[in-house]
Amino acid sequence: MVRPLLVWGLTRTLLLLFVLKVFVFPGPDVTSDVSVIYRGWYDVLRAGTFPLDDVTWQYPPAAALAVLSPGLLPFLEYATAFFVLVLLADLATLALLLYAGGRPGRSRLGAWVWVAGVPLLGPTVYARYDVMVTAVAVAALLAGSRRPRLLGALAAFGALLKVWPAMLLLGVRRRSAWVSAVATGAGVAAVSAALMPGAFAFLDFQRDRGTEVESLGALVFHVARHHGWEGEVLLNYGSVEFLGPYVDLVSAGAMFLNGAALAWLLLWRLTARRFEPHTFVDAAFVAVLLFTVTSRVISPQYVVWLVGLAAVCLCHRASRMRVPVALVLVAAFVTVLEFPLWFAHVVASDALGVTLLFVRNGLLVAAAFLAARTLWRSTVTHGLPADPASGPAARAEEVPVSS
């Protein structure tokens, strides 16, 4: 246990030195989101309303808690307090993974995935609130088989922080988890709407987003720019997007792929017959992978979601997600190369920028395909050989259909 803590301490110290600007990381300043945008939202939220007139506010109501959280450390400047709180969320995630990895049938390999995966994304990972959301998601999945109500409550709360943790419930079979999720989600949403106006204004802003330059669909326009396409790259709705002919068509295509991913996941859920203690974790990893690669936006911080879920997968010795997890970790490293290191090349759609995006997005697509195929084969295909993890010890933790 000492070694992962030591490596964590060394790598996180380096991340803090970058975001505190003791050292300067090459590329655009990734900390401006915190020092400028989050800081501005902080003042608005403290006044008792959500940022109704700011199209960059594209987050569910509980995200206000993350933005307001630096107020817990009033003796620090806002950005510094935010970075310290992200560090604490990072440490809490590691502690959960180490504890879970020490149980029978588990492995501390998941903790190592987290230790190694987070710094691969560079300082951007500490300059967004996604580590906080991922910490909630990891806690939810690790609570899953033994405390389904806590799983449901945490998944619902996470969804009200940043939507995607709702997918953690996809492979959960205990009714109590779903009841807890609905009750928690409805309660938090109702309180948010009652306390401050504009709790759900983010839905309109999110709907109007276009095709971000790092997304899978954006590759069409990166190539098209070299063949006479007349569009342009602009800062739009808080991210760098393509604007021009056919962008709406590609954005609609991404939405269609989102729907196709959801349809496949529902088909899997209806046809799956073999559920092991780790199945609901693998299903959550697959679901978030599919929605990430088909999204109109693949911001660098999205990859930390995948790293967190990958870490929980490998906490289970019987998980079959090792190859997709390895691909995600390589994609995390390529991500820091495309942003922020060589983001100017991505925006310019030159050979280096396009190559980096093809590699990073290709790795994520390959990980999603392999993970989905593995999940299907291990739960739907008939005539599977017995898994060593399906013995008495594993069955003691297996999740029943209802409670």
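Okay, His316: leaving aside neighbours within four places in sequence, His316 is in contact with Gly105, Arg106, Pro277, His278 and Val281, where contact means heavy atoms within 4.5 Å. His316 sits in the loop between H13 and helix H14 (322-341). Helices here are DSSP runs of H or I with at least four residues, strands are runs of E with at least two, and both are numbered from the N terminus. Is His316 buried or exposed? His316 is buried, at 6% relative accessible area; buried means under 20%, exposed over 50%, and partly exposed in between, with a 1.4 Å probe and protein chains only.

Before I go on, this is a predicted model, so local features need pLDDT of at least 70 and side-chain atom pairs count only at pLDDT 80 or more, while totals for chains, interfaces and linings use all residues. Residues are numbered from 1 along each chain as its sequence is written, and side-chain values use heavy atoms, with hydrogens and water left out.

Now H13 itself. In H13, 12 of its 12 residues are buried, including Tyr302, Trp305 and Cys313.

Next, the core. The largest nonpolar core has 131 residues, and Leu97, Trp114, Tyr129, Trp164, Leu168 and Phe285 touch the most other members. Helix H4 (residues 78-101) gives the most to this core, with 13 residues. By nonpolar core I mean a set of buried Ala, Val, Leu, Ile, Met, Phe, Trp, Tyr and Cys residues joined through side-chain atoms within 4.5 Å. Not counting residues up to four places away in sequence, Trp114 touches, among others, Leu94 and Leu97, plus Val304, Val307, Gly308 and Ala311.

On to the open space.

Most residues other than glycine have a negative phi, and most peptide bonds are trans. Phe339 and Pro340 are joined by a cis peptide bond, omega about 5°, and Pro340 is in helix H14. Ser349 has a positive phi of about 55°, and Ser349 is buried at 0%.
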